[in-house]
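Biologist: I'd like to go through this protein with you and hear what stands behind each label. Could you show it to me?

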Amino acid sequence: MHPVIKAIEEEQMKKDLPKFNVGDTVRISVKVDEGDKTRTQLFEGVVTKKQGSGIRQSFTVRRVSFGEGVERNFPIHSPTVQKIEIVRTGKVRRAKLYYLRKQAGKKGRIEEGKREEAPTAPSA
């Protein structure tokens, strides 16, 4: 990649993002413009896929709303995505959770996993 493009992309990337993986339940605060007003809308669901790298990285979140499955794609570094919170972590063995589209009720649940923390150096 050209160094000028890389430098421009680096300054536009967000630095304060939490580490989340596929299978985690997240709550995303999205800025919505309606006419001349701006408000924040929450979208909570399970991360079904992550793709891309750098400034083009995005993820898909799925939730069931009023009995209907809703999936929404979010670019991670978009200015409309204000905040990403991890509600709970999930333990899955796949990179893409497309099988959740066919599951209903309790079969669509994801087992809760524990968050892997970075090992800290012992203090002397």
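Modeller: Among contacts between residues at least 6 apart in sequence, 52% join residues at least 24 apart, where contact means heavy atoms within 4.5 Å. Please keep in mind that this is a predicted model, in which local features need pLDDT of at least 70 and side-chain atom pairs count only at pLDDT 80 or more, while totals for chains, interfaces and linings use all residues. Residues are numbered from 1 along each chain as its sequence is written, and side-chain values use heavy atoms, with hydrogens and water left out.

Biologist: Thanks! Which helices and strands does the protein have?

Modeller: It has one helix and five strands, in the order α-β-β-β-β-β from the N terminus. Helices (H or I, at least four residues) and strands (E, at least two) are DSSP runs, numbered from the N terminus.

Biologist: What makes the five strands a sheet, and in what order do they stand?

Modeller: Two strands pair if DSSP finds at least two bridges between them. E3 and E4 have eight bridges, and E1 (residues 25-34) and E5 have six, so both pairs meet the definition of at least two. The open sheet has the order E4-E3-E2-E1-E5, with antiparallel pairing. From one strand to the next, the twist averages 40 degrees.

Biologist: Which residues are bridge partners in those two pairs?

Modeller: Serine 29 has lysine 83 in E5 as its bridge partner, and threonine 60 has asparagine 73 in E4. E3 and E4 also form a hairpin with two residues between them, and phenylalanine 66 in the turn has a positive phi of about 55 degrees.

Biologist: Why is arginine 62 called buried?

Modeller: Buried means under 20% relative accessible area, exposed over 50%, and partly exposed in between (1.4 Å probe, protein chains only). Arginine 62 has 14%, so it falls under the 20% limit and counts as buried. This arginine lies in strand E3 (residues 58-65).

Biologist: How do you know that arginine 62 and glutamate 71 make a polar contact?

Modeller: A polar contact is a pair of N or O atoms within 3.5 Å; within protein, one must be able to donate a hydrogen and the other to accept it, and residues adjacent in sequence count only if both atoms are side-chain atoms. The side chains of arginine 62 and glutamate 71 are joined at 3.3 Å, so the pair is within the 3.5 Å limit.

Biologist: And histidine 77: buried or exposed?

Modeller: Buried, because its relative accessibility is 10%, against a limit of 20%. Histidine 77 is in the loop between E4 and E5, and its side chain reaches the backbone nitrogen of lysine 14 at 3.0 Å. Its contacts beyond four places in sequence include Gln12, Leu17 and Ile55.

Biologist: What makes a group of residues a nonpolar core?

Modeller: It is a set of buried Ala, Val, Leu, Ile, Met, Phe, Trp, Tyr and Cys residues joined through side-chain atoms within 4.5 Å. The largest one here has twelve residues, among them Phe20, Ile28, Phe59 and Val81.

How values were computed: Axes are lines fitted to C-alpha atoms, for helices over the stretch in contact, and angles run from 0 to 180 degrees between N-to-C directions.
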